[in-house]
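The following exercises are to be worked with the sequence and the coordinates at hand. Each task is followed by a solution in steps.

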Amino acid sequence: MAKREPKLLRISAAAHELGLHPITVRRWIKASPIQAVPMGREVRIPCTEIERMVGKLDGRLLVLYGRVSGHGQKADLDAQLEWLQAWARTERKGQETLVLADIGSGLKAGRRHLQRLLKLVCEDKMGEVAMTYEDRLTRFGQEYLETLFACFDVTLTVLEPGEEKTPEQELSEDLLALIASFSGRLYGLRSHKQKELLQCAQAVLTSP
């Protein structure tokens, strides 16, 4: 009897099954958490991979993480957490969840709840972390976190991954983030000097 070929799904169908954005699935394929099968210029994902990813949590926590830079953005933080909880109710029904949130710069590694999240990873108590945007955990060093998560089989889910950026765009955004953070400490987050410095830097970086 011939061996039955595994059923293969398009990325859009796989994303629907996983409750993720197709861009997130593409990122996972590129980073290797999901094994895909090349088919011409496209790829397909075996149903067995979907089943493996869905079953990865194994009773561990789903952590919903939100962050804003300052206390004046409390409404934005509340909106992030509401979005995450609505997503979890629909896409991760019945999964035990923990909501963590910080108010502080994405450059600050000592945020209290970020440290708590990392401790849960190292104790093998967390199976997935979800956030609204990819820079909520950190502005820099995302690759280090992804390596840590991969070692403990933790899934990283971003609800709004955003568009693919060129290396130049990513470097420009990183530089602006650094200038905003350090000038905010030097002059104050709402000072005219900080705003002028940011506007000047942005004009230089966006000029042809």
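**Exercise 1: Helix H1 and its end**

Just after H1, Gly19 adopts a positive phi of about 70°. Helices are DSSP runs of H or I with at least four residues, strands are runs of E with at least two, and both are numbered from the N terminus. The model is predicted: local features need pLDDT of at least 70, side-chain atom pairs count only at pLDDT 80 or more, and totals for chains, interfaces and linings use all residues. Residues are numbered from 1 along each chain as its sequence is written, and side-chain values use heavy atoms, with hydrogens and water left out.

Task: determine which residues of H1 are buried and which are exposed.

Solution.
1. Buried means under 20% relative accessible area, exposed over 50% and partly exposed in between (1.4 Å probe, protein chains only).
2. In H1 (residues 11–18), the buried residues are Ile11, Ala14, Ala15 and Leu18.
3. These cover an arc of only 100° around the axis, taken from the directions from the helix axis to the C-beta atoms, and therefore lie on the same side of H1.
4. His16 and Glu17, on the other side of H1, are exposed.

**Exercise 2: Packing of H5 and H6**

Task: describe how H5 and H6 pack.

Solution.
1. The angle is about 35° and the axes are 9 Å apart; axes are lines fitted to C-alpha atoms, for helices over the stretch in contact, and angles run from 0 to 180 degrees between N-to-C directions.
2. Leu117, Leu118 and Val121 of H5 meet Leu145, Leu148 and Phe149 of H6, where contact means heavy atoms within 4.5 Å.
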